[in-house]
Amino acid sequence: MMKSGDPPDPRDLGDDDELDPVPDALDPPGWNGESPHDAIFNDPALWGGEAVVRDGDYAPHVPSRFPDPFTVAGEVRELERRVRNLLTPVFPLEVRRAQPLRSVWKRYRSFAMQRRSSVVDEMGRDPAIASRYQPLLDFLYRRYFRTEVEGVENIPRAGRAILVANHSGALPYDALMLMRAVEREHPARRRLRPLIEDDVFHFPYVGTFLNRMGAVRAHPQNAERLLADEELVAVFPEGIQGIGKHYRDRYRLQRFGRGGFVKLALRTGSPIIPVAIVGAEEATPMVARMTWLARAVGLPHLPVTPTGLIPLPSKWRIRFGEPLDLAREHRGEGSEDRLLVARLAETVRTQIQGIINDLLTARGSSAFR
Amino acid sequence: MHGAQDESGIFSGSHAIGPTDRVVAVTGACTYLGTELIKLLEADPRYLRVLALDIRRPDLPSDLVKTEHHPIDLTVPTVGTQLAALLRGVDTVIHGAFLSFPTHAASWAHELEDVGTMHVLDACAQVAPARFLLISTTLVYGPSRENPNWLPETAPLRGLSGSRFVSDKLRADLQVQAHAEAHPETRVGILRFAPILGPSIDNYATRFFSRALAPRLVGHDPLLQFIHEQDAARALKRAVDRDIAGPFNLVGSGVLPYSTVLAMMGRVPMPIPHFVARRLYKALWATQVSSTPPTFLDFLRYLCIADGSRAERELGFRPQFDIQRTIQDFVGLTADDEPDIARAQG
């Protein structure tokens, strides 16, 4: 006997005649706690269980013999997924992790780690690689290029500053030599972080090597991050125009981009130090640009120099100019003022061209002596 | 569906959602992060009930008292009404039903990730939960020539053209951003995790780095970044605890060049020119020999590193594992095995 208040239990199909003979539709399998798999197998409707409507009842609500179509779709999808996983030729994780030759593997590991450092700084400078190539760079700097440096005292002993230099020669040796110059000649042995334009930074080997040595991709956010850490940053505002120019255009400064370095100096309050580098044009003179070959292999730029990667032994001179504190002179003026930025960039450009011309006059006729 | 409505009807309605008895729904409960989050929520007395929504029952201990599993298939067109019924009374929805590795079943993946996110957001628009969290990845920033070394949350989401795996996640991310604008009553947080590595997680990164040979694009050696699986789970729990809004990068500390990562893992690099590698991997992917789609080679060429300083500032998340420890843990070494690396760090 059922109490009138109780709802009928759809699954209680007792023999009692007084029981409400028409149950509700069966719950779709799987949504009452049991797994969908069990639900299907426990479903009496699927196993040819007794019909729930008996003789003499009228207007029966005949429950479907099959589970809800969407549940079936889900089941099929799950089955499909499992089959796909089985067919995908990926070994199980345990098999892949198993290392039968663990001692060999460990030896290989220590061998592979020998020539590199396990920690790089946040911009990618690897101290082990940097110190490994230091003797080679020193040889180039001292013996090969016989670099002369003037005005290194214009670089502050501490704190942020932006070095703005001319870019010359087909290969970016000037960035490396500028780094060595500041590191060797400056009394505080300051480390310089050159910002390298995209075409060089993404050039195979060259970009990677420069990055491990301490160079960083030229991006305002990278520069701001370095300057916020009170580091010394070098920019080459000519960019690829500077190293991509023909030998006959040597020492003629190209346009200074959109003056990004001026905006940077105004935003971060960093002094600008103009730098002139003379000698790099003759070290790697560019006689041709193989644009077609560069396109074919997907490189941004492919210069042709007489001696390939090896530079010619020209004599180098680097002069650091007086620092310009743009942020102090133009306090309150926004870095978004394009006319001001263009004017300041042009000022710096003229100043660097002036130092270059002075150095060229002092050098005289031969670039190699 | 009848069953679902009955079940959620028992719980919904009477409970006042306070800070101490929170009700959380997790889609993608079978993913590593989903399962770990459920374990952490189960141990936390501030949470009253956890709804584990996934097509399968997640691999959880059987003695859980707060967690209930509801089989939900986000690829079913009518899943929206079912979800809306389930989510009634839920104050935090965590949407993490995303594939952890690229699949050849691209249209199915699209239904699950992109359209599935739409279903979840539609259900959220009906029930208006107080909080919504999306588990996204830093892959959505995409490897690009233009990227700075450290991508902030405000960086453009470039994605990876031609990659279904990344673009579905990117579209989910964008949908959630649009939802946040249209529904100010819900605090929407987007958690972009760096590639997760660890001894127990199975995803595209662990599969890629589990092989003895790894491709290396000739001359290219970008910096990589990872997050340890335990750090990722802790960060997710922290984000659920807090009231956050907006995108957050969740990354481990430190970066390493790809070649150093391979050396630390003891994998042998296989140098290939990038214009050959693309074609080779296209063929390997089409024949299902490789589990890495050809588009992923861009991650071995260009930078895609996210800056986690916002998560540290606003979420208070500090990773416990740096990248070196993460890699050691992944390949099954302890710090005692390698005093040289410990010394180099100290």
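This is a guided tour of a predicted model, stop by stop, through chain A and then chain B.

Residues are numbered from 1 along each chain as its sequence is written, while chains are lettered from A and ligands numbered from 1 in the order in which they are written. Because the model is predicted, local features need pLDDT of at least 70 and side-chain atom pairs count only at pLDDT 80 or more, whereas totals for chains, interfaces and linings use all residues.

**Stop 1: the sheet of chain A**

Show chain A as a cartoon. Seven-strand order to trace: S1-S9-S6-S2-S5-S3-S4, an open sheet with mixed pairing. Strands here are DSSP runs of E with at least two residues, helices are runs of H or I with at least four, and both are numbered from the N terminus. Two strands pair if DSSP finds at least two bridges between them.

Now select residues 148-150 and 216-217 of chain A. These are S1 and S4, the edge strands. Each has a single partner strand, so one side of each is left without a neighbour in the sheet.

Stay with S1(A). Its pairing with S9(A), residues 317-320, is parallel and spans 3 bridges. Pick A:Val149 and look across to A:Ile318 in S9(A), which stands opposite.

**Stop 2: strand S3 of chain A**

Select residues 192-196 of chain A, which form S3. How many of the residues of S3(A) are buried? The count is 5 of the 5, so the strand is largely enclosed by the rest of the structure. A residue is buried if 20 or more other C-beta atoms lie within 10 Å of its own, exposed if 12 or fewer, and partly exposed in between, with C-beta atoms placed from the backbone.

Show the side chains. A:Leu192, A:Pro194 and A:Ile196 lie on one side. A:Arg193 and A:Leu195 lie on the other. Both faces of the strand are covered.

Next, its partners. S5(A) pairs with S3(A) in the parallel sense, over 3 bridges. There, A:Pro194 has A:Ala234 as its bridge partner. S4(A) also runs parallel to S3(A), joined by 2 bridges. On that side, A:Leu195 is bridged to A:Val216.

**Stop 3: helices H6 and H5 of chain A**

Select residues 173-185 of chain A, helix H6. H6(A) lies across S1, S2, S3, S5, S6 and S9 of chain A. Its direction is at about 165° to S3(A). Axes are lines fitted to C-alpha atoms, for helices over the stretch in contact, and angles run from 0 to 180 degrees between N-to-C directions.

Which residues make the contact? H5(A) supplies A:Leu137, A:Asp138 and A:Tyr141, and H6(A) supplies A:Leu176, A:Met177 and A:Arg180. Residues are in contact if their C-beta atoms, placed from the backbone, lie within 7 Å. The contact set divides into 4 nonpolar, no polar and 2 charged residues. Nonpolar covers Ala, Val, Leu, Ile, Met, Phe, Trp, Tyr, Cys and Pro; charged covers Asp, Glu, Lys and Arg; the others, Gly among them, are polar.

**Stop 4: two loop residues of chain A**

Select A:His167, in the loop between S2 and H6 of chain A. Is A:His167 buried or exposed? It is buried, with 25 other C-beta atoms within 10 Å. Leaving out residues up to four places away in sequence, A:His167 touches A:Asp174, A:Phe236, A:Glu238, A:Gly242 and A:Ile243.

Jump to A:Tyr205, in the loop between H7 (198-201) and H8 (206-213) of chain A. A:Tyr205 is not a glycine, yet has a positive phi of about 65°. A:Tyr205 is exposed, with 12 other C-beta atoms within 10 Å.

**Stop 5: chain B**

Switch to chain B. It has 12 helices and 13 strands. Of its 346 residues, 54% count as buried. The C-alpha atoms fill a box of roughly 65 × 45 × 35 Å along the principal axes.

Select residues 246-250, strand S11(B), where 4 of the 5 residues are buried. S6(B), residues 187-193, pairs with S11(B) in the parallel sense over 5 bridges. B:Ile190 has B:Pro247 of S11(B) as its bridge partner.

Finish at B:Ala128, in the loop between H4 (106-127) and S5 (131-137) of chain B. B:Ala128 has a positive phi of about 50°, although it is not a glycine. B:Ala128 is exposed, with 11 other C-beta atoms within 10 Å.

Key:
Contact = placed C-beta atoms within 7 Å.
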